[in-house]
Amino acid sequence: MAYDLLIRSGTVATASDVFQADVAVHDGTIVAIGRNLGEASRVIDATDRLVLPGGIDSHVHISQPSGDGIVMADDFESGTRSALFGGNTTVMPFCLQTKGQSLREALSWYHGLAEGQCYTDVSFHLILTDPSAAVLGQELPALVADGYTSLKVFMTYEDLRLNDAQILGVMDTARRTGALVMVHCENEDAIRYLVNAHEHRGDVRPLAHATTRPTAVEREATHRAVSLAEVVNVPVVIVHVSNGEAIAEIRAARGRGRKVVAETCPQYLMLTAKDLDGMDWEGAKFVCSPPPRDEAAQAACWVGLEQNDFDLFSSDHCPFRYDDPHGKLNPRGRQSFRHVPNGIPGVETRLPILFSEGVVKGRITLERFVALTSTNHARLYGLSRKGSIAVGMDADIAIWDPKAKRTIRHADLHDGADYTPYEGLEVTGWPTTVLLGGKIMVENDALIGTKGSGTHVARALSSLAKPLETSFNVGTFHPTRLA
Ligand code: DUC
Ligand code: ZN
Ligand code: ZN
């Protein structure tokens, strides 16, 4: 047989085109796209189906330690299984460095947890919480060379955040090594002030999570992050953007000629702060940071998706069980929102939500959907063989029934949490068959593949991480012009 597998008569979509074609796979790679391609050992009839590159979710948290007694709901087995059923073939979890820990030590712990457990490919970002001279001078450059080419820094959370000087140091190392810096933009001191004020007056319910993290703290931190990146002349990724004011900061930075990449997530399209106001502490189910905001912020995020302000649509899957002493309703979490772990599940629902609300409702094209959920993640983070249906690419493919009608119910999902924030949401379109490296992992909604099929992928440097050769600053009199 010429091929291992032929996907016949489907509608193929890439970030640039939608067309009718057959797709042939051999040895895990897409080897031909066209008509009448010949025989294959296995044929999948994709009539009336969409043939899309597997989703790449470049922002997920799996098995990440989260403080005293708190346990994340997903390990690598359940997290990647859930991702797979949601049409994803690669996820990018974070490897969190604890203070004083070497990055290698942190990585070997996460690799130990992931080894042999994954249903999708995985590729780690680093989280730097302790950018010591040794980390910035030796460890990080060596790890970038080994394919860990992106890292995240936090401006919030007392035990995670870096100060501006530390962020500048990290950005400087990124500039020298070609690593890409992602920033969580919220002003910790402003949040602390508001948290103390809320607790002082006994305002401790989950809604206070939203009112202690207002738009201003995200807007200010976004402004600071893009400004620090401008000082160092390094590109920057602003993750989980929740509202129009933060988008305006990103637009302004781009207007000054800066390379800024922006990400948003389903929660900022589908949820609002009112969801945190549930009775019986139910609002804890929606506690994530930045918090969901209001209808105007949702509309601004939609405009951002429609008009290219956003490059990435990720889940920020960060699952905790709700009714669990190690989750949202831990003993201290029942006393104050301050102790409710931040994060919500969403890796399995990310693609169906954007497809249904975005493509089916006519807000974005299918090509843009593919770019926002797969291609841009691959290009930006250096996954050079992933993110498109093209000859030579890994055969990571999701076959969608674009007319399937589903009601999202946690009982039908595959993660380790005990709820979904989108319970009862009706969607149109669902990925029904998923291939990883040419291997059928999910077929007609049933798990066929085995755990351990997914492996870790070392990444190339991002082409976007290159600093700008020409740096200009509108409105600033540049010293070199004096000469
Ligand atoms: N930031 C994230 O990126 N994920 C979950 C929690 C957080 O604050
Ligand atoms: Zn974050
Ligand atoms: Zn996150």
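Buried here means under 20% relative accessible area, exposed over 50%, and partly exposed in between (1.4 Å probe, protein chains only). Helices (H or I, at least four residues) and strands (E, at least two) are DSSP runs, numbered from the N terminus.

1. **Ground rules.** This is a predicted model, where local features need pLDDT of at least 70, side-chain atom pairs count only at pLDDT 80 or more, and totals for chains, interfaces and linings use all residues. Residues are numbered from 1 along each chain as its sequence is written, chains are lettered from A and ligands numbered from 1 in the order in which they are written, and side-chain values use heavy atoms, with hydrogens and water left out.

2. **Helix α11.** This one is mostly covered, with ten of its eleven residues buried. The buried set is R350, L351, P352, I353, L354, F355, S356, E357, G358 and V359. Just after α11 comes G362, with a positive phi of about 80°.

3. An unreviewed UniProt entry puts "domain: Amidohydrolase-related" at residues 50-441. UniProt positions are given in the numbering used here, feature names are shortened, and annotations may be inferred rather than shown by experiment. In the model, that span is 36% helix and 18% strand, and its end C-alpha atoms lie 17 Å apart.

4. Donors are N, O and S atoms within 2.8 Å of the metal (3.2 Å for Na, K and Ca); water is not among the atoms, so sites may look incomplete. H184 sits in strand β11 (residues 180-184) and H240 in the loop between β12 (236-238) and α8 (244-255), so the pair ties together parts that are 56 residues apart in sequence. Both H184 and H240 are buried.

5. H59 (NE2), H61 (NE2) and D316 (OD) coordinate the zinc ion (ligand 3) at 1.9 to 2.1 Å. Their spacing reads H-x1-H-x254-D, and 4.1 Å separate this zinc ion (ligand 3) from the zinc ion (ligand 2). H61 belongs to the loop between β6 (55-60) and α1 (76-85), and D316 to the loop between β14 (312-313) and α11 (350-360), so this pair ties together parts that are 255 residues apart in sequence. H61 is buried at 4% relative accessible area, and D316 is buried at 8%.

6. A polar side-chain atom of K152 is 2.5 Å from an oxygen atom of ligand 1, one of Y157 is 2.4 Å from an oxygen atom of ligand 1, and one of H184 is 3.2 Å from a nitrogen atom of ligand 1. Taken alone, ligand 1 exposes 240 Å², and the protein buries 95% of that. These areas come from the Shrake-Rupley method with a 1.4 Å probe; for residues, only the protein chains shown count as cover.

7. **Strand pairing.** Two strands pair if DSSP finds at least two bridges between them. Strand β1 (residues 3-13) pairs in the parallel sense with β5 (residues 50-53) over two bridges, with V12 opposite V51. β6 and β7 are joined by four bridges in the parallel sense, and G55 has N88 of β7 as its bridge partner.

8. **Strand β7.** Nine of the nine residues of β7 are buried, so the strand is largely enclosed by the rest of the structure. P93 lies in this strand (residues 88-96) and is buried at a relative accessible area of 0%.

9. **Backbone spots to check.** Most residues other than glycine have a negative phi, and most peptide bonds are trans. H240 has a positive phi near 30°, and N36 has one near 50°. N36 is in the loop between β3 (29-34) and β4 (40-45) and is exposed, at 75% relative accessible area. H240, by contrast, counts as buried at 2% relative accessibility. The peptide bond from S289 to P290 is cis, with omega near -10°; P290 is found in the loop between α9 (267-270) and α10 (295-306).

How values were computed: Polar contact = N/O pair within 3.5 Å; in protein donor to acceptor, adjacent residues only side chain to side chain.
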